[in-house]
Amino acid sequence: MIKETEINLPEVLAEVTAAFERYEVALVTNDVAVLDELFWNSPHTLRYGATENLYGYDAICEFRASRPSAGLTRTLGRTVITTYGCDFATANTEFVRAGSDRTGRQSQTWLRTPDGWRVVSAHVSLLA
């Protein structure tokens with residue numbers, strides 16, 4: 001059971017925030033190698049996108065390798081990162097892509113692995 005005092009431990013929150021920010025830079029610059037690195041290499045990893053459901057690390061990598069690299073610039077709105085203990089976290093943010101008036105939402109579940117913090121589950125959606 002997680003105690004209230006174990007939520008958002010400053011050093012853990014700083015680590016996850018840095019991983020989240022690294023992911024964001026990789027996303028808008030289409031740095032596929034970093035994006036692949038930051039997802040947990042497991043068949044249990046999943047990503048629900050705005051137009052696709054991806055099950056397993058291999059499917060996520062295949063999607064990343066084939067997605068268009070133009071029009072990725074976006075502005076983040078409210079971002080909420082919460083850590084639970086030392087090894088588990090969630091990151092949620094709102095975003096608007098350049099040239100669009102639609103608000104998007106991104107949720108990520110992060111897990112500390114022997115290789116560092118990795119996304120184990122992600123969901124991206126757009127509001128109507």
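Modeller: Rings of Phe, Tyr and Trp (for Trp, the six-membered ring) count as a pair if their centres lie within 6.5 Å; planes under 30 degrees apart are stacked, over 60 edge-to-face, and the rest tilted.

Biologist: OK, how many aromatic pairs does the structure hold?

Modeller: The structure holds three aromatic pairs. One of them is Y23 with F39, which is tilted, at 6.1 Å centre to centre and 55 degrees between the planes. Y23 is in helix 1 and F39 is in the loop between helix 2 and strand 1 (46–48), 16 residues apart, and the pair links distant parts of the chain. Helices (H or I, at least four residues) and strands (E, at least two) are DSSP runs numbered from the N terminus.

Biologist: Is Y23 buried or exposed?

Modeller: Y23 is buried, with a relative accessible area of 3%, and F39 is buried too, at 2%. Buried means under 20% relative accessible area, exposed over 50%, and partly exposed in between, with a 1.4 Å probe and protein chains only. Another pair is Y48 with Y55, edge-to-face at 5.8 Å centre to centre and 75 degrees between the planes. There, Y48 is partly exposed at 28% and Y55 is exposed at 52%.

Biologist: Before I go on, where do these values come from?

Modeller: This is a predicted model, where local features need pLDDT of at least 70 and side-chain atom pairs count only at pLDDT 80 or more, while totals for chains, interfaces and linings use all residues. Residues are numbered from 1 along each chain as its sequence is written, and side-chain values use heavy atoms, with hydrogens and water left out.

Biologist: Back to Y23. What does Y23 touch?

Modeller: Not counting residues up to four places away in sequence, Y23 touches L35, L38, F39, R64, Q106, Q108 and W110. Contact means heavy atoms within 4.5 Å.

Biologist: And which residues in the largest nonpolar core touch the most other members?

Modeller: Of its 24 residues, these are V16, Y23, F39, W110 and W117. Helix 1 gives the most to this core, with seven residues. A nonpolar core is a set of buried Ala, Val, Leu, Ile, Met, Phe, Trp, Tyr and Cys residues joined through side-chain atoms within 4.5 Å.

Biologist: New topic. Which residues lie nearest the centre of the largest pocket?

Modeller: R47, A50, R67, R97 and V124, out of 23 lining residues. A pocket is an open set of points on a 1 Å grid over the protein atoms alone, where a 1.4 Å probe fits, with protein on both sides within 12 Å along at least five of seven lines; lining residues have an atom within 4 Å of a point.

Biologist: Which strand gives the largest share of the lining?

Modeller: Strand 6, with three residues.
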